Amino acid sequence: MTTTTAPLLKTTGMGINFGGLKAVDEVNLQVDPGEIVGLIGPNGAGKTTCFNMITGVYKPSRGSIELAGARIDGKSTPSINHLGIARTFQNIRLFRQLTVLDNVRVALHRQAGYGLLGALLRLSPYRRAEVSMRQRAEYLLDVFGLAERRWDRAGDLPYGEQRKLEVVRALATEPKLLLLDEPAAGMNPQETATLTALIQRLRQEFKVSVLLIEHDMSLVMKVCDRIYVLDYGKEIARGTPPEIQSNQQVIKAYLGEA
Ligand SMILES: Nc1ncnc2c1ncn2[C@@H]1O[C@H](COP(=O)(O)OP(=O)(O)O)[C@@H](O)[C@H]1O
Ligand SMILES: [Mg+2]
């Protein structure tokens with residue numbers, strides 16, 4: 001008996017132009033179920049633009065994007081989220097005036113397909129869903145060490161905790177694939193070590209696959225099964241962490257600067 005699993009994510013010849021600039025060109029990425037895959041390269045290489053295409057923020061000029069074998073390129077960001085892809089942003093995007101818990105609840109309500117307003121008014125049809133969402137939100141905050149912060153304003157959290165809250169918020173939508181855009185940026189070594197362990201836990205406990213953009217190589221090399229390297233919008237290498245660390249072209253274009 002043979003079993004074939006479609007890749008969770010597969011981009012084929014994915015590319016986009018901005019004016020005359022080929023920001024991303026012919027990029028072929030694959031993430032299999034349960035994998036943690038790195039996407040690295042110098043600033044301006046096109047990494048965030050890949051995330052923007054995968055999540056429907058930008059429509060690719062070329063190529064295709066498949067989630068579990070079905071085309072998703074051209075779909076809207078909310079429908080792609082609904083199909084199972086969630087992300088965090090390089091520049092943190094939280095509702096700074098809302099509490100930590102409400103930031104997570106807003107994400108959950110979007111996923112459930114009805115407004116936070118209905119829930120806040122406690123309209124009866126929403127009550128049961130509200131209880132389980134609340135439990136899920138509290139559980140995720142607990143896992144990420146944010147439970148004691150749940151009544152704090154998100155904008156008052158230290159930077160590292162805001163980054164963790166972004167991950168919690170993305171996870172709240174129960175994605176199959178989580179895209180993390182520089183989650184360790186601005187974190188101190190202690191916070192980065194905690195984040196490293198959390199990313200490893202994501203796969204085990206939440207059965208979520210991860211595509212990770214990150215400049216902290218200690219984090220990337222520790223958590224990634226495989227890595228793609230972009231430079232000027234093109235793939236220049238792919239391989240396991242040891243292969244990437246010893247790749248001369250990667251050292252020249254990127255790792256050598258560090
Ligand atoms: N909306 C946009 N309009 C024009 N140029 C853009 C836009 N988004 C990104 N770019 C350009 O595309 C290139 C890749 O950017 P980006 O994906 O943000 O790189 P990275 O995340 O790898 O640092 C850069 O040259 C950037 O200036
Ligand atoms: Mg970026």
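## Around the ligand

Which residues are around ligand 1? They are F18, L21, A23, P42, N43, G44, A45, G46, K47, T48, T49 and Y58, where a residue counts as near if one of its heavy atoms lies within 4 Å. Keep in mind that this is a predicted model, where local features need pLDDT of at least 70 and side-chain atom pairs pLDDT 80 or more, while totals for chains, interfaces and linings use all residues. Residues are numbered from 1 along each chain as its sequence is written, chains are lettered from A and ligands numbered from 1 in the order written, and side-chain values use heavy atoms, leaving out hydrogens and water.

By type, this shell divides into 6 nonpolar, 5 polar and 1 charged (nonpolar means Ala, Val, Leu, Ile, Met, Phe, Trp, Tyr, Cys or Pro; charged means Asp, Glu, Lys or Arg; the others, Gly among them, are polar). Helix α1 gives the largest share, 3 residues. Helices (H or I, at least four residues) and strands (E, at least two) are DSSP runs, numbered from the N terminus.

## Close atoms

Let's zoom in on some atoms. A polar side-chain atom of T49 lies 2.6 Å from an oxygen atom of ligand 1, and a backbone N or O atom of G44 is 2.7 Å from an oxygen atom of the ligand. For Y58, a polar side-chain atom lies 2.9 Å from a ligand nitrogen atom.

## Helix α1

Now look at α1, which spans 47-54. Here 7 of the 8 residues are buried (under 20% relative accessible area; exposed is over 50%, and partly exposed is in between, with a 1.4 Å probe and protein chains only). T49 and K47 are among the buried ones. After α1 comes G56, with a positive phi near 80°.

## Salt bridges

The whole structure has 16 salt bridges, each a side-chain nitrogen of Lys or Arg within 4 Å of a carboxyl oxygen of Asp or Glu. One of them joins R62 and D25 (3.3 Å, N to O). R62 is in strand β5 and D25 in strand β2, so this pair ties together parts 37 residues apart in sequence.

D25 also forms a salt bridge with K234, with the closest N and O atoms 2.7 Å apart. This pair links distant parts of the chain, because D25 is in strand β2 and K234 in strand β11, 209 residues apart. D25 is buried at 7% relative accessibility, while K234 is partly exposed at 43%. Together, K22, D25, R62 and K234 are linked in a network of salt bridges.

Technical notes
A polar contact is a pair of N or O atoms within 3.5 Å; within protein, one must be able to donate a hydrogen and the other to accept it, and residues adjacent in sequence count only if both atoms are side-chain atoms.
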